[in-house]
Amino acid sequence: MKIFFFGWPSFYGGADTKAAHLLKLLAGHVDITVVPNFPDQLQESCWTQKLDEWGVNYTALEFLPDRLDGVALAMCNSEFFSSGIYSNARRRGLRIVWSSEMMWHHPYEVDLIKAGAIDRLLYVSEIQKKALDYESFCDVPTRITGNFLSVEEFPFIERSHDLPLTIGRLSRADPHKYPEDFPVFYEALALPDVRYRVMAWSDELAQKYRWHRFDHRWELLAPEAEPAVEFLQSLDLFVYTLGHRFTESWGRSTVEAMLTGAIPLVPAGHHFASLIVHGESGYLCHDFLEFQSYARQLAADPLARQSMSLACRRRAEMLNDPETHRAVWLEALNV
Amino acid sequence: MCYWSVADGRYAQIMTTCIMSARRVGVSTEFHVWTDRSIPGAVCHSSGSYEHRNYLFKFDFLLKAAELPYEYLVFLDADNFFVRHPGNLLNQTRYAPIHVCMESDCTQPNSVRPDWWGCPLSDYVQFMRDCGVLSRSVFNTNAGFWIVHRDVARRFVDLAMEFWEYCSRQGFAFTEEAPLAYVGHLLLGNPYAHTLAVNQDVWASDWTGVFADRLPDGRPWNFTDYISGETIPVQPAIVHCMRSKKAMVAAASPMRKWPTY
């Protein structure tokens, strides 16, 4: 099987980090060629070195042969439609597999699906399936492929009990992902001797929360200010409240956090119940008071925290068995 | 911070009494009032003509108030009466950008009323859920007193009107109170720290008319929960004496004798 992946991996954002782990998962099992949207991305040696290491090819669109046999895969890549990359791929004879990754349809996505431009559609979760609902307007076959994380990329570390408790979050700097009351929600948990760490912060977020006085307890880091793994390893609790109009399609950063040993406290709903066993590997909270109660229990009991931290790692490892994920993907890409 | 309000016609006289009561207990904070006449003790701004229906004008005037050089804007309905100095009102915000009094929990099974502003409680709760409110308790509010940081005023109004318009599409054209409660749920951090029970020493609404047709005297009284019918003792510094409007109009006369406390 030959896969042409249209896009480029990244250390930032759910879909592009997913791409990096997926390429590594499938490398050696299928022939993969990565085709970035922009040729200058091929100069990013941090990624080309990894692709070389995994045995994954990469080239610019213009250098692809005129006729190809295989599957074009694009994930959350708006350019794939808006810049006509999909038609270029199709013209070369590739079957097209598309994964939105988001809870909404990308520009042109629906029209092109209806026009027959896509051969297979991928969902990331049931909740995303419910939102996108391709079945309601087309008969293109669909699969749920989920999300794979390479567990060795996020080593577990045991947290020190001598340092202040650190709570925080990692997500795209999308204001819709942040609840309206984000900083006051953290502070209202009223945890003793606490630090707050957030990545990725942005000017837009600073503007949204300009009414708040972030004091010495807060550390607001720009995107990629630290490697994601180091940032997550610095957190005891991953407190991930979300905007009131935002639905998380999967929750990749939550599982990354769990792998490192950070304990997730997340809102009930979304896809989180599939990721977290409530009370064992984190908490699904229905209310501020539940967030507060669980956070305070964990803050007061380092041994319980340590035990749950390990359970988070085990749970996240279980969710990311490479053999299982590879089988799902190979079937989904067998178009 | 400053106090602000919108008061025209008879409400301008009521506002006069409100301000006099504040000055009498030592409150020196400025009152900015959008009005159609002069109000003693207030910095008056022309209200112009505006739509009174559903009291949504409060949100429009909030955006005008946000242009004033104050960080926090404390809204008071005209029919509020100070019986003692309320202390630092910004403590009410508890570091949130707003304070809205979370009054009655509409999710409780022991409600003695089936509705709020004609909307079945179950529908009201569902509208909140539909618009992203996750808390187990869903409160109503009385819109006589609320605080907004000026840097969140625009967002406050946008969120309020989103909710109002959503409810309107469902067939319920609320007053300003339902959207105010909605914004409270989204912006307070811990809504349970903003309940009437927790904050009863600062402000409460005499909606049952404990002080009907007279001015509050500063003594404690029993507040009746609008939804559950349960009572709690309250002794607020500021009484929203909504059943005492005639007495407040009369008290605006310089000849009127005020209660002592």
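**Predicted model of chains A and B: a working chat**

User: What covers the buried residues of H5(B)?

Analyst: The cover includes strand S6 (98-100), helix H3 (121-130), strand S9 (145-149) and H4, which belong to chain B.

User: Ile98(B) falls in that region. Which residues does Ile98(B) touch, sequence neighbours aside?

Analyst: Not counting residues up to four places away in sequence, Ile98(B) touches Thr93(B), Trp146(B), Ile147(B), Val148(B), His149(B), Val152(B), Phe156(B), Val183(B), Gly184(B), Leu187(B) and Leu188(B). Of these, Val183(B), Gly184(B) and Leu187(B) are buried residues of H5(B).

User: Now the largest nonpolar core: how many residues does it have, and which have the most contacts inside it?

Analyst: The largest nonpolar core has 180 residues, and those with the most contacts inside it are Met15(B) and Ile98(B). The element that gives the most to this core is helix H4 of chain B (residues 153-169), with eight residues.

User: Where does this core lie relative to domain 1 and domain 2 of chain A?

Analyst: The core lies between them, because domain 1 (2-149 + 321-332) and domain 2 (152-319) of chain A both give residues to it.

User: Back to Met15(B). How many residues apart in sequence are Ser5(B) and Met15(B), and what is their distance in space?

Analyst: Ser5(B) and Met15(B) are 10 residues apart in sequence and 8.4 Å apart in space, C-alpha to C-alpha. Ser5(B) is found in strand S1 of chain B, residues 2-6. Leaving out residues up to four places away in sequence, Ser5(B) touches Met15(B), Val33(B), Phe75(B), Leu76(B), Asp77(B) and Ala78(B).

User: Is Ser5(B) buried or exposed?

Analyst: Ser5(B) counts as buried because 28 other C-beta atoms lie within 10 Å, the cut-off for a buried residue being 20 or more.

User: Switching to chain A: which domains does the assignment give?

Analyst: The assignment gives domain 1 (2-149 + 321-332) and domain 2 (152-319). The centres of the two domains of chain A, taken over C-alpha atoms, are separated by 29 Å.

User: What is the strand order of the open sheet in chain A?

Analyst: Seven strands form the open sheet in the order S3-S2-S1-S4-S5-S6-S7, and the pairing is parallel. Strand S3 (57-58) and S7 of chain A are the edge strands, each pairing on one side only.

User: How do S5(A) and S6(A) pair?

Analyst: Strand S5 (residues 95-99) and strand S6 (residues 120-123) of chain A pair in the parallel sense over three bridges. The bridge partner of Trp98(A) in S6(A) is Leu121(A), and Val97(A) stands opposite Arg120(A). Together with helix H5 of chain A (residues 109-114), S5(A) and S6(A) make a right-handed β-α-β unit.

User: And S6(A) with S7(A)?

Analyst: S6(A) and strand S7 (residues 142-144) of chain A pair in the parallel sense over three bridges. Here Tyr123(A) has Ile144(A) as its bridge partner in S7(A). S6(A), helix H6 (residues 126-132) of chain A and S7(A) make a right-handed β-α-β unit.

User: Last topic, the contact between the chains. How many residues does each chain give?

Analyst: The contact takes 19 residues from chain B and 16 residues from chain A. The chain B side has 12 nonpolar, five polar and two charged residues.

User: Which chain B residues is Phe288(A) in contact with?

Analyst: Phe288(A) is in contact with Ser135(B), Asn190(B), Pro191(B) and Tyr192(B). Phe288(A) lies in helix H11 of chain A, residues 288-300, and is buried, with 24 other C-beta atoms within 10 Å.

Notes. Residues are numbered from 1 along each chain as its sequence is written. Chains are lettered from A and ligands numbered from 1 in the order in which they are written. This is a predicted model: local features need pLDDT of at least 70, side-chain atom pairs count only at pLDDT 80 or more; totals for chains, interfaces and linings use all residues. Two strands pair if DSSP finds at least two bridges between them. Helices (H or I, at least four residues) and strands (E, at least two) are DSSP runs, numbered from the N terminus. A crossover is right-handed if, with the strands pointing away from the viewer, the path from the first strand over the helix to the second runs clockwise. Two residues are in contact if their C-beta atoms, placed from the backbone, lie within 7 Å. Ala, Val, Leu, Ile, Met, Phe, Trp, Tyr, Cys and Pro count as nonpolar, Asp, Glu, Lys and Arg as charged, and the others, Gly among them, as polar. Domain bounds come from an automatic or database domain assignment. A nonpolar core is a set of buried Ala, Val, Leu, Ile, Met, Phe, Trp, Tyr and Cys residues joined through C-beta atoms within 7 Å. A residue is buried if 20 or more other C-beta atoms lie within 10 Å of its own, exposed if 12 or fewer, and partly exposed in between; C-beta atoms are placed from the backbone.
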